[in-house]
Amino acid sequence: MATNVTETLSPEPTDPPSAPPTASRRRLLAMSVWAVAFVAGWLLIGLPTDPLYAFVWLWTATIAWHSSRPWRSHLRFARDWLPIVVLLAIYNLSRGFADNGAIPHAMELVVADVWMFGWATGGQVPTVWLQQHFYDPAGIHWWDVVASWVYFSHFVAALAAAVVLWLRDRGRWAAFMRRWGFLCATGLVTYFLYPAAPPWWAAQYGLIEDVARISTRGWKAFGMHGAGNLLNAGQLASNPVAAMPSLHTAFALFVVVFFLARVRRRWWPLLLSYPLAMTFTLVYAGEHYVIDVLVGWAYVGMTFLVVGLAERWWVARKARRGGPPETTVPVPGQAAAPEAGATDPEPEPKAAGVGAADGTVTATGR
């Protein structure tokens, strides 16, 4: 369900228009050290697909980027993000128990995909058709490499977007996290109510033709055999019957839709190609049926509708109770106007609310 609209904002002091040369060199050095450490961790441990592991890398990246700021600023990131990371970890663990030993739904998903696309695939599910035409067990092609990177992006794209929002506009960050949390919660509830098996599972039990699970094989083309260590371990430990809806494509579409209204229309095709690439990857790799993807997209639409309505209801409720007047929170890239007589570079927190489904933010002064 939607979370409370009231959030605490602690605006970060903005960087000066032109940072001194010493600060620029310090940032360059810090980011270089971070990049070297990230590559080393990637090769030795694996890509950061675990929420806590990804949080560590994202936090250290913000520290390196703003290395000239005091530690009080960096600790604020941990304060705001640790509860979210803990919830994501709980979500990943609880998803593994979603089937409760029940027989998963499988045949109706097969029937749905064949009904929608059988006319173009010779009566086969799209996954089987794609692997028959593109999958080569004896070799790795460029599209396998692209598919592996697109698949990995699911674990960091939404987190990275949220970090950027946290750094630039805490009000929109709160709006983003409310929608993301609602999307995760509704997906998890569906996993419990409707445990569904992916194509690779159905193939193991003879419900469809042979399907290989190939979402991580592309990295082997570069000799990066350890890149997917954490991801492969997570796949083995996760619930194999949590396929409906596909939150991989839901997350991809969610991130794009959240920012779409603030991007020039000429860039829309490029942005929208991301959820489409994720769709191809998941269907081709045997992770999801197309029907899983479509339901995931429907959940994104429901998320923006329900959370947006809940936020407007909350703002109207506060207005009816005679709350203080609202002021608009600056959009990303604009500095907040200082309060009269204020000398502290870090103003007092303000309560933020969102008045529209697209994340338009208003704040209530105190």
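**Entry 1: the chain.** I note at the start that this is a predicted model. I counted 13 helices and four strands in the chain. Of its 366 residues, 47% are buried. I then looked at contacts with a sequence separation of 6 or more, and residues 24 or more positions apart account for 81% of them. For the accessible surface I got about 18500 Å², and carbon and sulfur atoms hold 68% of that area.

**Entry 2: a helix pair.** How do α8 and α13 cross? I found that the axes of α8 (residues 170-193) and α13 (residues 290-320) come within 9 Å, with a crossing angle of roughly 125 degrees. The angle falls between 115 and 145 degrees, so I logged the pair as oblique. The crossing of α8 past α13 is right-handed. On the α8 side, the contact is made by Arg178, Arg179, Phe182, Leu183, Thr186, Gly187 and Thr190. From α13 I listed Tyr299, Val300, Met302, Thr303, Phe304, Val306, Val307, Gly308 and Glu311. Sorted by class, this contact has eight nonpolar, five polar and three charged residues.

**Entry 3: a loop residue.** Is Ile103 buried or exposed? I first placed Ile103 in the loop between α3 (71-95) and α4 (107-121). Its relative accessible area is 77%, over the 50% cut-off, so Ile103 counts as exposed. I also checked Ile103 against Ala197: the two are 94 residues apart in sequence, while their C-alpha atoms are 9.3 Å apart in space.

Key. Residues numbered from 1 in each chain as written. Predicted model: local features only at pLDDT ≥ 70, side-chain atom pairs only at ≥ 80, totals over all residues. Heavy atoms only, no water. Helix = DSSP H or I, 4+ residues; strand = E, 2+ residues; numbered from the N terminus. Buried < 20%, exposed > 50% of the residue type's maximum accessible area, 1.4 Å probe, protein only. Axes fitted to C-alpha atoms, helices over the stretch in contact; angles between N-to-C directions. Parallel < 35°, antiparallel > 145°, perpendicular 65-115°, else oblique. Left-handed = near helix turned anticlockwise from the far one by under 90°. Contact = heavy atoms within 4.5 Å. Nonpolar A, V, L, I, M, F, W, Y, C, P; charged D, E, K, R; others polar. Areas by Shrake-Rupley, 256 points an atom, 1.4 Å probe, with all protein chains shown as cover.
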